[in-house]
Amino acid sequence: MSDQLLVSTRKGLFSARRQGKGAWVLEGVSFLGDNVSLTMQDPRDGAWYAALDHGHFGAKLQRSRDRGATWEEIGVPAYPTPPEGHVEKDFLGREIPWRLIRFWCLTPGLPSQPGLLWAGTLPGGLFWSEDHGDTWNLVEALWHHPARRKWAGGGADAPGIHSICVDPRDGNRVAVAVSSGGVWITPDLGKTWTAHTEGMRADYAPPELVSAPESQDPHRMVQCPSAPDTWWLQHHNGIFRSTDNAMSWIEIVDVKPSVFGFPVVVHPKDPDTAWFVPAIKDERRIPAEGKVVVNRTRDGGRTFETLHRGLPQSWSYDLVYRHALDLDTSGKRLAFGSTTGSVWISENSGDDWLTLTEHLPPVHAVTFV
Amino acid sequence: MPRVAFTRNLQRHVACPPCAVIGGTVRESLDAALALYPKLRGYVLDEHGALRFHMAIYVDGVPIMDRQGLSDAVPETSEVFVMQALSGG
């Protein structure tokens, strides 16, 4: 079980530690005042990676090999120089810069691939590193894929890769989810890519494009580590599940209080158990009836329990971003953080929650380490 | 020799005291300064060598016009000042 939680916020990376049963406290902060978009721990060597968005000064990447005591700035991906005179526009006619805007996902390779990291970024570039993030290479085949030009911004102005799933059985098979641009999978370490959105539905799109791969707006996608044929996906349109290794997806309907939301996590040992944080779609993006709740299914989406013990149940408008819900490797401890700076932790799979804080800057991501 | 100075806000991330350089354009002067502080390059310029959108460069108090090519002239006794643009208020 994990006794430490990293909270990536608009104004720093905060660390919380468990002091005993049901007692967690904030204990430190790195990069105070800086915008930390996400943090990742590499399970192969324990290194921590923090993605910063300095605004004026650009996106940066920091690495710590001593659990946050010291950090070193490492390399960042570079987009290629566009052809002379090339101005790229998305399908709505908006310019897409060939320039790193922000990190949106960091994922390690398999234990058999030491040093291999994947980075998903805005405006839609996927990069890989073979040297623990010191240097990065663009996955050219995906960037130059004709369908990539049909991706568009979702919550952000430009499209972005926010979920990367490396198949635990075969590290060459990598899936990415794009907001807004569907799910794409390579079987050969990035050389070729195909869309995997069969069964998804985008009812916000024009009728002709409801089923088009590029219309799909996955908000977050996860693959069960111990049963990797099972995937869960929180989509702009609702919740989808695959039990055939992302070859097809089945929509889960009639989920109360809402099928809309951003994050999803799946139990590491039980593919039928997953958690979501529902919100009202579409433009409002607030908890239903001002109540913060977590939805849990333990039967593959046939039924859901709405968990609320310990969570505020009135006048609460916390929105939870796609990387701001995490589950530790035991599958017991959960944490989530909100745009209003609240963080809640559960030690019993979501049945009960304790409030870590209600006063942090807006939370982008939480990560058990 | 022209002098290149950087905003205090950059010093928090990369130590970069003012320096005297050889260079007749902003590009030449800046490249010379960034050779002294290589980590600073990505804070000021994007991956294509253009000035970042929210950064500004002044030569003797006059903002440069060529943000892509950095071809603005830098006289021998000039000061090149690199700062963050005050975009956003």
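User: Where is A:Ala335 found in chain A?

Analyst: A:Ala335 sits in strand β25, residues 334-337 of chain A. Strands are DSSP runs of E with at least two residues, and helices are runs of H or I with at least four, numbered from the N terminus. A word on the source: this is a predicted model, in which local features need pLDDT of at least 70, side-chain atom pairs count only at pLDDT 80 or more, and totals for chains, interfaces and linings use all residues. Residues are numbered from 1 along each chain as its sequence is written, while chains are lettered from A and ligands numbered from 1 in the order in which they are written.

User: Why is A:Ala335 called buried?

Analyst: A residue is buried if 20 or more other C-beta atoms, placed from the backbone, lie within 10 Å of its own; 12 or fewer makes it exposed, and anything in between partly exposed. A:Ala335 has 26 other C-beta atoms within 10 Å, so A:Ala335 is buried.

User: And what makes A:Asn245 partly exposed?

Analyst: A:Asn245 has 17 C-beta neighbours inside 10 Å, and therefore counts as partly exposed. A:Asn245 lies in the loop between β18 (238-242) and β19 (250-252) of chain A.

User: Which residues does A:Ala335 touch?

Analyst: Touching means that the C-beta atoms, placed from the backbone, lie within 7 Å. Not counting residues up to four places away in sequence, A:Ala335 touches A:Leu5, A:Asp326, A:Val343, A:Trp344, A:Ile345, A:Val366 and A:Phe368. One of these, A:Asp326, has A:Ala335 as its bridge partner in β25(A).

User: How do you know that β24(A) and β25(A) pair?

Analyst: Two strands pair if DSSP finds at least two bridges between them. Three bridges join β24(A) to β25(A), which run antiparallel. Both belong to an open sheet of four strands with the order β24-β25-β26-β27 (chain A) and antiparallel pairing. What makes β24 (325-327) and β27 (354-357) of chain A edge strands is that each pairs on one side only.

User: What joins β4(A) to β5 of chain A?

Analyst: Five bridges join β4(A) to strand β5 (residues 48-53), and the two run antiparallel. As an example, A:Val36 has A:Leu52 as its bridge partner in β5(A). These strands are part of an open sheet in the order β4-β5-β6-β7 (chain A), again with antiparallel pairing. Its edge strands are β4 (36-41) and β7 (72-74) of chain A.

User: How many helices and strands are in chain A?

Analyst: Chain A has one helix and 28 strands. Buried residues make up 49% of its 369 residues.

User: How do you know that the radius of gyration of chain A agrees with a compact globule?

Analyst: The radius is taken over C-alpha atoms, and the globule rule is 2.2 Å times the number of residues to the power 0.38. With 369 residues the rule gives a value near 21 Å; chain A has 19 Å, so the two agree. Its C-alpha trace spans about 60 × 50 × 40 Å along the principal axes.

User: What makes a set of residues a nonpolar core?

Analyst: The set must be buried Ala, Val, Leu, Ile, Met, Phe, Trp, Tyr and Cys residues joined through C-beta atoms within 7 Å. The largest nonpolar core has 98 residues, and among those with the most contacts inside it are A:Val7, A:Val176 and A:Phe336. A second, separate core of 21 residues includes B:Ala33, B:Leu40, B:Tyr43 and B:Val44.

User: How many residues does each chain give to the contact between A and B?

Analyst: Chain A gives eleven residues and chain B gives eleven residues.

Key:
Two residues are in contact if their C-beta atoms, placed from the backbone, lie within 7 Å.
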